[in-house]
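Open the model in your viewer and keep the selection panel at hand. The tour goes from one selection to the next and says what is there.

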Amino acid sequence: MAKPLQVYLEAEDLERLEAWARERGWTKSQAIRVAIRALTWKPAEDPLLGLSGDIDGLPPDLSASFQRYLDETFVAETPALYRTSRRRSTRPVRR
């Protein structure tokens, strides 16, 4: 069960929180929950966080621009072209 929490923020911090949440399509509450979980989880509890920093040579802004880098590297196969219409027989159907 969720419990309420009242927090007072400086105007600049509130603007940054609102912008960060808006970029992701989240509410401010969701953004705060995610930040708290990210800051308090131990790497052993989350295998992906445990791998953080293990790969050398990644761009420094990868986490902020992940979708852009994914779009640049991922190439989907060209979809197969299917015929959209079928030829109709010119002969009448016998019944």
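Select R68 and E72: because they are four residues apart in helix α4 (residues 66-73), about one helical turn separates them. Their side chains meet in a salt bridge, 3.4 Å from N to O. A salt bridge here is a side-chain nitrogen of Lys or Arg within 4 Å of a carboxyl oxygen of Asp or Glu. Salt bridges that share partners join D61, R68 and E72 into one network.

E72 is exposed at 52%, R68 is partly exposed at 40%, and D61 is partly exposed at 29%. The classes are buried under 20% relative accessible area, exposed over 50%, and partly exposed in between (1.4 Å probe, protein chains only). The areas come from the Shrake-Rupley method with a 1.4 Å probe, and for residues only the protein chains shown count as cover.

The model is predicted: local features need pLDDT of at least 70 and side-chain atom pairs count only at pLDDT 80 or more, while totals for chains, interfaces and linings use all residues. Residues are numbered from 1 along each chain as its sequence is written, and side-chain values use heavy atoms, with hydrogens and water left out.

## Whole chain

Zoom out and show the cartoon. The chain has four helices and zero strands, in the pattern α-α-α-α along the sequence. Helices (H or I, at least four residues) and strands (E, at least two) are DSSP runs, numbered from the N terminus. Of the 95 residues in the chain, 6% are buried. The accessible surface comes to about 10,100 Å², and 55% of it belongs to carbon and sulfur atoms. The structure holds five salt bridges.

## Helix α1

Select D13 and R16, which both lie in helix α1, three residues apart, about one turn of the helix. They form a salt bridge with the closest N and O atoms 3.5 Å apart. R16 counts as exposed because its relative accessibility is 61%, whereas D13, at 34%, counts as partly exposed.

Move to L5, in the segment before α1 (11-24). At 69% relative accessibility, L5 counts as exposed.

Which residues lie nearest the centre of the second largest pocket? Select L5, V7, K28, S29 and I32, which are those residues among the 13 of the lining. A pocket is an open set of points on a 1 Å grid over the protein atoms alone, where a 1.4 Å probe fits, with protein on both sides within 12 Å along at least five of seven lines; lining residues have an atom within 4 Å of a point.

The space in this pocket is about 360 Å³, a volume filled by probe spheres set on the grid points. α1 and α2 (28-40) each supply at least two residues of the lining, and α2 gives the most, with five residues. By class, the lining has nine nonpolar, one polar and three charged residues. Ala, Val, Leu, Ile, Met, Phe, Trp, Tyr, Cys and Pro count as nonpolar, Asp, Glu, Lys and Arg as charged, and the others, Gly among them, as polar.
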